[in-house]
Amino acid sequence: FVLIDFKKRAEQKRLRLLVSDTEKKLDMFIKAYPNDGTPPTEDECTKLTDDQVTTLLEAFDTEAGKSKLPRIQDEVPKKRATLVKRLSYRKGKLYSRFSKAVEALTDQAASIMNYCVSAMKENDDELEGLIPVAEKRIEEEFAELLTDVTAHINDNYPEGVTGLDSYDEGLPEGIPTFAEYKEMLKTKEEEWKAKNKEAIPAGIDRLKVNYQAMVKKTLNAAIEEAMVEIEKDLSDDTVPYLEEGAMVQLRAELIASAKEYCTSRLDV
């Protein structure tokens, strides 16, 4: 009995990497777009970004298709929606590359922090479906989240976290500074550790139910397989003192008796 489908977990990891890699490809497109002295206008930047997003989503759909990730097709739409949302946060960043205005940097800081807040909410959704787990797993999830958003800031904001600290004050209401965001993550981590402990009893109950269902399915399959073998063995048995007609009738009776017995043992 295998409690964890390792192939499914491998596909889930691949799907997460596909989302991350697609984001990085758009980031690299934005960072590497050449400036030949006549940078694109805001409208041109929007079209260039939209076209690139379309291309990247087409590639994602291919790599996340049924032939590549057959075990987790039910999870792909949600991850795709997450990817689309994350890519949307990059809109305007190509134009921001060519703008030196403080206003543009402040707007970019707001966009960056909106991304971070969204990532935190997505992390909540992931944990909701994971618990109960080892407490270390929760710590790892939050450590990975902080690493990911820090890398996003360093890759997408001038001078990275250091630069953001200079422009994330006075953001629109509801958008935290990065310092406030890190404190929010600490609070969230403790909240999820408490929720995880509360979820353990129900998790054990689910495990028991699933295990009983597996045992029932395995035993029923064994009984049905045995019945097939019994019928096969009886199909050509003969008794020297019985004529063919009587033997056929005897076989039928024996098979019927065996089926009745086996059926009585099935747990339906």
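A residue is called buried when its relative accessible area is under 20%, exposed when it is over 50%, and partly exposed in between, as judged with a 1.4 Å probe on protein chains only. The structure described here is a predicted model, in which local features need pLDDT of at least 70 and side-chain atom pairs count only at pLDDT 80 or more, whereas totals for chains, interfaces and linings use all residues. Residues are numbered from 1 along each chain as its sequence is written, and side-chain values use heavy atoms, with hydrogens and water left out.

A search of the whole structure finds 22 salt bridges, a salt bridge being a side-chain nitrogen of Lys or Arg within 4 Å of a carboxyl oxygen of Asp or Glu. One of these joins R80 to D61, with a distance of 2.7 Å from N to O. This pair links distant parts of the chain, since R80 belongs to helix α3 (residues 76-88) and D61 to helix α2 (residues 42-63), 19 residues apart; helices are DSSP runs of H or I with at least four residues, numbered from the N terminus. R80 is partly exposed, at a relative accessible area of 28%, and D61 is also partly exposed, at 37%.

A further salt bridge, again with 2.7 Å from N to O, is formed by the side chains of D124 and K188. Because D124 lies in helix α5 (residues 102-130) and K188 in helix α8 (residues 178-234), the pair ties together parts that are 64 residues apart in sequence. D124 counts as buried, with 13% relative accessibility, while K188 is partly exposed, with 23%.

Terms used:
Helices (H or I, at least four residues) and strands (E, at least two) are DSSP runs, numbered from the N terminus.
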